[in-house]
Amino acid sequence: MIKKYTREQIMKLYSQLPEDIKQAIDSEENLNALEQIFDNNKIFDERATKISALVRDVLYGLLPPGEFLPSLEKEVTLEEETAKTISQEINRFIFAPIKRSLASLHKTDAGAGEEATEKTETVPKPPAKPDAYREPIE
């Protein structure tokens, strides 16, 4: 269920956010992107308000990004395909530019996948003694 927060609670959370998330919250560009997403998906009723509240909850650290899509289906009662489309568009235009800050806000390790594979890749060590089954490299 989408929770309601007091102005004081929201202001306290806002003051603790990283600067790029604050900019994303205050961004007219993101507001326009949301309006365009609503228009593209023919969302013209109270569902737009609910979706906006879910976006706010992710940006303020109240809803993990991984729960955004299921919340669209459950809380906003969108059909699966519509929810998936809206989620992808919001992720692309609003969440992706601040991915690292959202990850640290939600204590996840997003974006570290590439780095982790680079660090954990190991080069096979040569055998300690000559391997009788290996062919010599010429």
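The legends below describe several close-up views of one predicted protein model.

In this predicted model, local features need pLDDT of at least 70 and side-chain atom pairs count only at pLDDT 80 or more, while totals for chains, interfaces and linings use all residues. Residues are numbered from 1 along each chain as its sequence is written, and side-chain values use heavy atoms, with hydrogens and water left out.

**View 1. The protein chain as a whole has eight helices and zero strands.** Helices (H or I, at least four residues) and strands (E, at least two) are DSSP runs, numbered from the N terminus, and along the sequence the chain reads α-α-α-α-α-α-α-α. Of the 138 residues, 30% are buried, where buried means under 20% relative accessible area, exposed over 50%, and partly exposed in between (1.4 Å probe, protein chains only). Taking contacts (heavy atoms within 4.5 Å) between residues at least 6 apart in sequence, 62% join residues at least 24 apart. The accessible surface comes to about 10200 Å², of which 52% belongs to carbon and sulfur atoms; the areas come from the Shrake-Rupley method with a 1.4 Å probe, and for residues only the protein chains shown count as cover.

**View 2. The largest pocket holds about 200 Å³ of space.** On a 1 Å grid over the protein atoms alone, a pocket is an open set of points where a 1.4 Å probe fits, with protein on both sides within 12 Å along at least five of seven lines, and lining residues have an atom within 4 Å of a point. Grid points are joined across faces, edges and corners, and the volume is the space filled by probe spheres set on the points. The lining consists of Ala24, Ile25, Ser27, Asn30, Leu31, Leu34, Ser52, Val55, Arg56, Leu59, Tyr60 and Ile94. Two or more of these residues come from each of helix H2 (19–26), helix H3 (28–40) and helix H4 (46–59), and H4 gives the largest share, four residues. By class the lining has eight nonpolar, three polar and one charged residues, with Ala, Val, Leu, Ile, Met, Phe, Trp, Tyr, Cys and Pro counted as nonpolar, Asp, Glu, Lys and Arg as charged, and the others, Gly among them, as polar.

**View 3. Helix H2 has the buried residues Ile21, Lys22 and Ala24.** These residues lie on the same side of H2, because they cover an arc of only 160° around its axis, the arc being that of the directions from the helix axis to the C-beta atoms. The face turned away from this buried side carries the exposed residues Gln23 and Asp26. The buried residues of H2 pack against helix H1 (7–15), H3, H4 and helix H7 (99–105).

**View 4. Leu17 lies in the loop between H1 and H2.** With a relative accessibility of 7%, Leu17 counts as buried. Leaving aside neighbours within four places in sequence, Leu17 is in contact with Lys22, Ile25, Leu59, Tyr60 and Leu105. Leu17 and Leu105 are 88 residues apart in sequence, yet their C-alpha atoms are 7.9 Å apart in space.

**View 5. Lys42 and Thr77 are shown for their positive phi values.** Most residues other than glycine have a negative phi. Lys42, in the loop between H3 and H4, has a positive phi of about 55° although it is not a glycine, and its relative accessibility of 61% makes it exposed. Thr77, in the loop between helix H5 (68–75) and helix H6 (80–95), has a positive phi near 55°, and at 59% relative accessibility Thr77 counts as exposed.
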